[in-house]
Amino acid sequence: MKKYSKFLSNFTDFIFLEDEPQEADIIFVPGNGFPQMAERAAVLWKEGYAPRVLPSGRYSVLTGKFAGVQAEIQKYSGEYETEWDFLYDVLIKNGVDGQAVLKENQATYTYQNAIYSRKVTDAAGIEVKKAIICCKAQHARRCRMYYQLLYPETDFMICPSDVGINRTNWFLSEAGIEEVLGEVERCGKQFHKIVREL
């Protein structure tokens, strides 16, 4: 493994981004079935890093329905129709004022999370100069790319959560390898059309 360390570091540094949080205008939470990202967003909101939180998501375009809660099922045992319903419940149960939570419950994949979130903030008249994104650790690069594309003038801070795959262990399991290298592939494949339209 040691002889491949520089090679692995290239993938690791590309995918796993993390920033120190700073005061921002909003916290984005891309849709998923894990509570950790919304829990992190709740902590940041309560610490005063941003006045609003915008979870985004309907369900995966691949399944056509909410895939269910992926962790801490005993704590979040409700019947959720969409990722937004689930993430909203996580935020409320972790002390976020419901009035501070914006709603986007139509997105079915990450690019739509960014597209529809932009529509929500525009409709609300929110100028997003600085934003925090709370996402899965292995989803950080693609989230930043998509949200930066929709908010080109915004300064983004990535505040990820570890849901089992992280920068120190991803190459030690088949699941980690598949997920992280899959992210590398998607960062190229999904941007073919976007780059051509620029």
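**Close-up 1. Ile132 and its bridge partner across the strand pair.** In this predicted model, Ile132 has Met157 of β4 as its bridge partner. The pairing behind this view is that of β3, residues 130-133, with β4; the two strands run in the parallel sense and share four bridges. Another pair to look for here is Lys130, which sits opposite Asp155 in β4. When following side chains along the strands, keep in mind that in a regular strand they alternate between the two faces of the sheet.

**Close-up 2. The open sheet, strand by strand.** Four strands line up in the order β2-β1-β3-β4, with parallel pairing, and the sheet is open. The edge positions go to β2 (53-56) and β4 (155-158); each has a single partner strand, so one side of each has no neighbour in the sheet. On average, and ignoring direction, neighbouring strands are turned by 25° against each other. Further in, β1 and β3 run parallel and are joined by three bridges. Phe28 is a handy landmark, standing opposite Ile133 in β3.

**Close-up 3. Helices on the sheet.** Which strands does α3 touch as it packs on the sheet? They are β1 (26-30) and β2, and the direction of α3 makes about 145° with that of β2. Helix α5, for its part, lies across β1, β2, β3 and β4, and runs at about 160° to β4.

**Close-up 4. Where α2 meets α3.** Helix α2 spans residues 36-46 and helix α3 spans residues 83-93; they pack at an angle of about 40°, their axes 9 Å apart. The two helices are therefore oblique to each other. Their crossing is right-handed. On the α2 side, the contact is made by Ala38, Glu39, Ala41 and Ala42, while α3 brings in Leu87, Val90 and Leu91.

**Close-up 5. Where α4 meets α5.** Here helix α4 (residues 110-123) and helix α5 (residues 140-150) cross at roughly 35°, with axes that come within 9 Å. This crossing is right-handed. From α4, look for Thr110, Tyr111, Asn113, Ala114, Ile115, Ser117 and Arg118; they meet Arg142, Cys143, Tyr146, Tyr147, Leu149 and Leu150 in α5.

**Close-up 6. Where α1 meets α6.** The axes of α1 and helix α6, the latter covering residues 174-189, come within 10 Å and cross at roughly 65°. That angle makes α1 roughly perpendicular to α6. The crossing is left-handed. Phe11, Phe14 and Ile15 make the contact from α1, with Val180, Leu181, Glu183, Val184 and Cys187 on the α6 side. Seven of these residues are nonpolar, none is polar and one is charged.

**Close-up 7. A salt bridge between Arg144 and Asp19.** How many salt bridges does a search of the whole structure find? There are eight, and the one shown here links Arg144 to Asp19, with the closest N and O atoms 2.6 Å apart. Arg144 belongs to helix α5 and Asp19 to the loop between α1 (5-15) and β1, so the pair ties together parts that lie 125 residues apart in sequence.

Note on methods. Residues numbered from 1 in each chain as written. Predicted model: local features only at pLDDT ≥ 70, side-chain atom pairs only at ≥ 80, totals over all residues. Heavy atoms only, no water. Axes fitted to C-alpha atoms, helices over the stretch in contact; angles between N-to-C directions. Parallel < 35°, antiparallel > 145°, perpendicular 65-115°, else oblique. Left-handed = near helix turned anticlockwise from the far one by under 90°. Contact = heavy atoms within 4.5 Å. Pairing = 2+ DSSP bridges. Salt bridge = Lys/Arg side-chain N within 4 Å of Asp/Glu carboxyl O. Nonpolar A, V, L, I, M, F, W, Y, C, P; charged D, E, K, R; others polar.
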